[in-house]
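These are my notebook entries on one structure.

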Amino acid sequence: MFNEKAILAKWNAEMYDLNEREIDDVEFALSVIGGPPKKILEIACGSGRFLVPMAKAGHMVTGLDFDEYMLNKIQAKSAKMNNINWRKADVIRDEWGSGFDVVMLAGNFLFNLISDMDYEEAQQLLFRKAAHALVPGGNVYIDCAYTMYPEVWFNKPGEIAIWEGTDSSGNTGRMSLVNSTFDKERQIIQFTRSFKLTLNDGHIITEDIPSVKHFATLEQIHTWLSANGFIVQEEYGDYNRNPISENTNRAIIWARKI
Ligand SMILES: C[S@@+](CC[C@H](N)C(=O)[O-])C[C@H]1O[C@@H](n2cnc3c(N)ncnc32)[C@H](O)[C@@H]1O
């Protein structure tokens with residue numbers, strides 16, 4: 001007998017670390033957050049792609065994530081550092097803590113969120129929880145892939161491979177997104193996240209995870225921010241500090257809690 005979920009989660013975490021190597025979003029976040037050292041909470045910190053550089057820059061950082069295989073990768077990247085900590089938490093169901101200068105909802109989390117709650121409600125809850133976790137005058141930092149034409153991005157029939165590779169246990173596989181559709185009325189994206197792994201002993205594991213996500217418009221994000229007492233201080237559509245437009249592909253927002 002073997003634990004299929006654990007094998008998939010370990011493979012997934014290793015592929016994430018191997019494939020997601022870009023640092024432009026991390027450097028940009030550091031430039032917006034600036035100095036002096038701040039108390040930062042990163043929501044869904046994963047394997048520490050943001051968390052570790054933030055700590056290296058001198059900030060006191062805390063990360064929350066519910067995937068222990070992702071969290072397990074942080075230790076080796078942050079040896080001997082005493083200004084970084086992390087814990088396993090479902091960021092929708094569990095407490096975030098309080099007294100932070102900055103809450104980060106980066107790395108596309110508005111879209112990568114996994115929850116059995118209604119997706120739009122869960123997105124809104126993130127803003128309420130961010131407001132509670134911050135000190136007065138603290139900031140939320142949001143960075144999410146964003147387009148004014150979600151129907152072009154998300155109506156994608158067929159299979160798109162995201163990762164292929166072999167993990168340290170010799171398990172080889174592929175994760176792909178299958179038959180993505182976008183319902184413009186409801187702003188709902190639906191697709192299947194599909195895993196196929198051939199284990200080192202020849203066993204094959206497959207898992208198809210149906211995914212239903214809500215695409216938050218900029219107007220909705222602004223509404224959720226102001227409903228929770230935030231004022232937008234900076235807003236960009238890319239890492240060159242261009243405003244959000246038809247030609248940009250991100251929503252990067254630095255908003256202050258009053
Ligand atoms: C694409 S990864 C991003 C990790 C990191 N922020 C980065 O940019 O590298 C998305 C992360 O969100 C986490 N996640 C999704 N839903 C979550 C939830 N409800 N509670 C805690 N973590 C969650 C996943 O476990 C995963 O590590």
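S6 (residues 156–166) pairs with S7 (residues 172–183) in the antiparallel sense over eight bridges; pairing requires at least two DSSP bridges between two strands. I noted Thr172 in S7 as the bridge partner of Thr166.

The model is predicted: local features need pLDDT of at least 70, side-chain atom pairs count only at pLDDT 80 or more, and totals for chains, interfaces and linings use all residues. Residues are numbered from 1 along each chain as its sequence is written.

I then looked up the domains. The chain is divided into domain 1 (4–146 + 216–257) and domain 2 (150–213), with bounds from an automatic or database domain assignment. Their C-alpha centres lie 23 Å apart. I found 13 residues of domain 1 in contact with 16 residues of domain 2 (contact: C-beta atoms, placed from the backbone, within 7 Å). Helix H1 (residues 4–19) gives the largest share of that side of domain 1, 10 residues.

Last, I checked the ligand. Of the 19 residues around the ligand, Ala44, Gly46, Arg49, Asp67 and Gly107 come nearest (a residue counts as near if its C-beta atom, placed from the backbone, lies within 6 Å).

Notes: Helices (H or I, at least four residues) and strands (E, at least two) are DSSP runs, numbered from the N terminus. Two residues are in contact if their C-beta atoms, placed from the backbone, lie within 7 Å.
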